[in-house]
Amino acid sequence: METIVCRVEEPTGLRFLEARVAVVGQDLVVAVGGGERPHVGCAVLAVPYPAKGQEGGWSASCSVVTIPPHKEEPIARGIATRLAAGLGRVTVVTAGVHDDDIDAEGIRLYLRLGEELADKLLAEVAPIECSQR
């Protein structure tokens, strides 16, 4: 089983997201953590299906489980959807980010880092061969 680690951070390096990706056959399992205390606050399962009107393109359907009161769903869903639709692979993403006393600007920063991480993961995982089901 191949494992990939990707990290994105703000310029100061104080706020970051790190992902550990396990390639499991054709599928992906991604654990995303960040902040002062990474954890599992949300899990998203994204299942690709052929996109209508896009020859060879994919869309993704998601199922979400969030542990209240955690708010990581936008990060996990964004990464899971991007990978499943971009690669046509079933993808599970867990996410947990915690910073004490985070403000609205900090939350926006983590959302932006989530988008950057999705882009970076897509580029890193796309060339990896997957085994047949």
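Is the crossing of α1 and α2 right-handed or left-handed? The legends below, which describe a predicted model, begin with this helix pair.

**View 1. Packing of helix α1 against helix α2.** Helix α1, spanning residues 73-87, packs against helix α2, spanning residues 104-125, at an angle of about 25°, and the two axes lie 9 Å apart. Because angles under 35 degrees count as roughly parallel, α1 and α2 are described as roughly parallel to each other. The crossing that α1 and α2 form is right-handed.

**View 2. Residues in the contact of α1 with α2.** From α1 the contact draws on P74, I75, I79, R82, L83, G86 and L87, while α2 contributes Y110, L111, G114, L117, A118, D119, L121, L122 and V125. Sorted by class, the residues in this contact of α1 with α2 comprise 12 nonpolar, two polar and two charged ones.

**View 3. The cis peptide bond between P68 and P69.** P68 and P69 are joined by a cis peptide bond, for which omega is about 5°. Of these residues, P69 is placed in the loop between β5 (58-66) and α1.

**View 4. The backbone at D101.** D101 belongs to the loop that runs between β6 (91-98) and α2. Its phi is near 55°, which is a positive value in a residue other than glycine.

**View 5. The side chain of R7 and the ring of F16.** The charged end of R7 is positioned over the ring of F16, at 3.9 Å from the centre of that ring. As for pairs of aromatic rings, a search of the whole structure finds zero.

Notes:
Residues are numbered from 1 along each chain as its sequence is written. This is a predicted model: local features need pLDDT of at least 70, side-chain atom pairs count only at pLDDT 80 or more; totals for chains, interfaces and linings use all residues. Side-chain values use heavy atoms; hydrogens and water are left out. Rings of Phe, Tyr and Trp (its six-membered ring) pair if their centres lie within 6.5 Å; planes under 30 degrees apart count as stacked, over 60 as edge-to-face and the rest as tilted. A charge sits over a ring if NZ of Lys or CZ of Arg is within 6 Å of the ring centre and within 35 degrees of the ring normal. Axes are lines fitted to C-alpha atoms, for helices over the stretch in contact, and angles run from 0 to 180 degrees between N-to-C directions. Helices (H or I, at least four residues) and strands (E, at least two) are DSSP runs, numbered from the N terminus. Angles under 35 degrees count as roughly parallel, over 145 as roughly antiparallel, 65 to 115 as roughly perpendicular and the rest as oblique. A crossing is left-handed if the near helix is turned anticlockwise from the far one by less than a right angle, and right-handed if clockwise. Contact means heavy atoms within 4.5 Å. Ala, Val, Leu, Ile, Met, Phe, Trp, Tyr, Cys and Pro count as nonpolar, Asp, Glu, Lys and Arg as charged, and the others, Gly among them, as polar.
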